[in-house]
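Let's take a look at a few spots in this protein together. Have the structure open and follow along.

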Amino acid sequence: MNNYLLYKLTYKFHRIGFYFYSIKFYYQDNVKNENWFKCFFKAVVKNFKIFNYKYGYYEYLEIPITTMCSLKCKHCSNLIPYYRKQKDYDIQILRREINAFLECINNIVFIRILGGEPFLSKNLYEILKILLNSKKIQRVEIVTNGTIIPKNKDLIKLLKNSKVIISISQYPMVNYQELETFLEKNKIIYRLDKMNFWMNYGDAKKRNRSKKELIRQYRKCNHICKSLVNGELHLCPRSSHGTDLKIIKDNFDDYLNILDKSLTVEEKKNMINKLLKKKYIKACDYCDFGTKLSKKIPVAEQITNEKKL
């Protein structure tokens, strides 16, 4: 079996997983209002559109809302330690980019709110409120390292929504049980994301790989983690944060400016689908994932000397 066929099969199977999630969520959200069999049949047929992007059905999107973090992970794949000045992303841009993206789709299974650490952001409540008001989004997942307990009463109320899932990364140095107790007490849905190891994506330096090598690398990367940063829709966090940090330059063909007023919604839809068909992106040359250099490493190893970055 050649590498490309293996890649296509892996990617299809991956989307099958999201397809089953979408059936489950549709059924949970609608079964109270109609016959269970009719509801299940609708879920199976309607969500099958996820296998062809032309229908506007997508599986997953990440929206970082802050670079502030309570940890300093040495091998953070999203390059957060490279931000010398931690910040919340501009709330006005966040609002506009979310609304612009939602105009371009009909359905998405998961939107994932990331940081840094999302519970450090003053904008989490407002962003979560916007996402929960959209019927196009099946579930909103907030990824946390388990170090921060939310205090805002309005935010806690939103977290109780059945569409919200808190994903706690089980890092060995973090006492996440306090957060777990808080979530159970407030009847907030959560899951523990246990990790036995991380894969090393490498530093943010350019590798100067050949086009053939980049294509091969891209095929071996699942690249499901579409990332929306500063109004730009990227195919992965290494691309979005690398561009934001001005480490990766002249990669205009590797993302869509979702806020571009010169483009119609239909043009943006076509550009998203074209983007998803790319054979590789420049960010691959700043990353080791999908190559033999990407090895298993300890989970969330902390930085002791920032000058080494």
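Trp36, Phe37, Phe40, Phe41 and Val45 make a nonpolar surface patch of about 570 Å². A patch is built from residues with over 30% relative accessible area and no salt bridge, joining nonpolar side chains (Val, Leu, Ile, Met, Phe, Trp, Tyr) within 5 Å and like charges within 9 Å. A salt bridge means a side-chain nitrogen of Lys or Arg within 4 Å of a carboxyl oxygen of Asp or Glu. The accessible areas come from the Shrake-Rupley method with a 1.4 Å probe, and for residues only the protein chains shown count as cover.

Trp36 sits in helix H2 (residues 36-46). Trp36 counts as exposed because its relative accessibility is 52%; exposed means over 50%, buried under 20%, and partly exposed in between.

## About the model

This is a predicted model, where local features need pLDDT of at least 70, side-chain atom pairs count only at pLDDT 80 or more, and totals for chains, interfaces and linings use all residues. Residues are numbered from 1 along each chain as its sequence is written, and side-chain values use heavy atoms, leaving out hydrogens and water.

Ser227 belongs to strand S7 (residues 227-229). Helices (H or I, at least four residues) and strands (E, at least two) are DSSP runs, numbered from the N terminus. With a relative accessible area of 0%, Ser227 is buried.

Now find Asn251, in the loop between helix H8 (237-244) and strand S9 (255-257). Asn251 counts as buried too, at 3% relative accessibility.

Methods:
Buried < 20%, exposed > 50% of the residue type's maximum accessible area, 1.4 Å probe, protein only.
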